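Thanks for taking a look at this one with me. Please open the sequence and the structure side by side before reading on.

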Amino acid sequence: MLARSAHVQRCACSQRRRLSVWGRRIRARPVAPASASAPAVSSSSGPPRLVDVNVRKASTAAELRAAAYLRAISFYTYPEGRSEFAARSHRRMKADTEWETVTKKVEGRDEAYKDLDVSCFVACVADDLVALPGPGSSAASVSGSSGGDPDRQELLAALRAGLDASAQLPADPAAGVSRQLVVGSLDLNVGHTLPSEELIGRQPKEDPRHRRAYLSNVCVAPAARRMGLARALLRVAEEEARSKGVQWLYVHVVADNQPAVKLYCEAMGFEVEQAESEGYARSLQRPRRLILAKELA
């Protein structure tokens, strides 16, 4: 997980959320053709590739529900010793809450976000795994329509194992749309500042309501991390921000999360604009944070 809005981060004192920078089954409209598509991503160290990754703005209830589920497994911790049934019930409860929250935001019904234009993005991959491996068999032995690539099949099996039905988008054969898994998500918030946030961007000086935006709730499914999905999500979000006339893009990160800071600053061109003091962060009982900024050409 990469980034979470400060409004949510302040709940860390309850120890029910994990600060980091980095269900109900529903029927949905057919998944529309991609409005933006990221190139295939892979890791240089050689793990299985996620090919044909598609990043788009969430426009259906199923896509928003899937994004909510990813947040539930990324931003909450569960006490050790609980049964799997109890943990699963808790995740679904949190996913329901997140689903209601993100839906209100993107529809403009959240009073706290009334001065923000919020868009949710999802990263999807084709779920062409024919069947999960049975007891005693290897995931790599499962073949599918991906040309029998055992590495891809093993990866899809791992993704399926870590996601419930909430993260699956149904197929629509009539429209030529295959079943998909939602494996990443983020929010783009266009406006002056996020609700109840102390770290506020300083640029631009003129019309920050329409020319400033913040990234939040950046998360990737555990089995799909370190494969370039976060960068794919960020690239599409940046293009959307430019199309809306945004000049400066911001994101909040925990200061000691070096992988996230490296991703934003080295890979995506962000720079540190402000940093909280240790004393201030300690007074709020949470890790010290940075606000990173990027000027969009």
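1. A word on the ground rules. This is a predicted model, in which local features need pLDDT of at least 70 and side-chain atom pairs count only at pLDDT 80 or more, while totals for chains, interfaces and linings use all residues. Residues are numbered from 1 along each chain as its sequence is written, and side-chain values use heavy atoms, with hydrogens and water left out.

2. Helices (H or I, at least four residues) and strands (E, at least two) are DSSP runs, numbered from the N terminus.

3. Which residues of H4 are buried? They are Arg152, Gln153, Leu155, Leu156, Ala157, Leu159 and Arg160. Buried means under 20% relative accessible area, exposed over 50% and partly exposed in between, with a 1.4 Å probe and protein chains only. The cover over these H4 residues includes strands S2 (117-126), S3 (168-169) and S4 (180-190).

4. Leu159 turns up again in the largest nonpolar core, which has 65 residues; Leu159, Val183, Leu215 and Tyr264 have the most contacts inside it. Such a core is a set of buried Ala, Val, Leu, Ile, Met, Phe, Trp, Tyr and Cys residues joined through side-chain atoms within 4.5 Å. Helix H2 (residues 61-74) gives the largest share of this core, nine residues. Another core, of ten residues, lies apart from it and has Leu199, Tyr214, Tyr250 and Ala293 among them.

5. Now for the aromatic rings: there are two aromatic pairs. Rings of Phe, Tyr and Trp (its six-membered ring) pair if their centres lie within 6.5 Å; planes under 30 degrees apart count as stacked, over 60 as edge-to-face and the rest as tilted. Tyrosine 264 and phenylalanine 270 form an edge-to-face pair, 5.6 Å centre to centre with 75 degrees between the planes. Both of these residues are buried.

6. How many disulfides are there? The count is zero, a disulfide being a pair of cysteine sulfur atoms within 2.5 Å. For cysteine 219, the nearest cysteine sulfur belongs to cysteine 120, 8.5 Å away. Cysteine 219 is buried at a relative accessible area of 0%.

Note on methods
Contact means heavy atoms within 4.5 Å.
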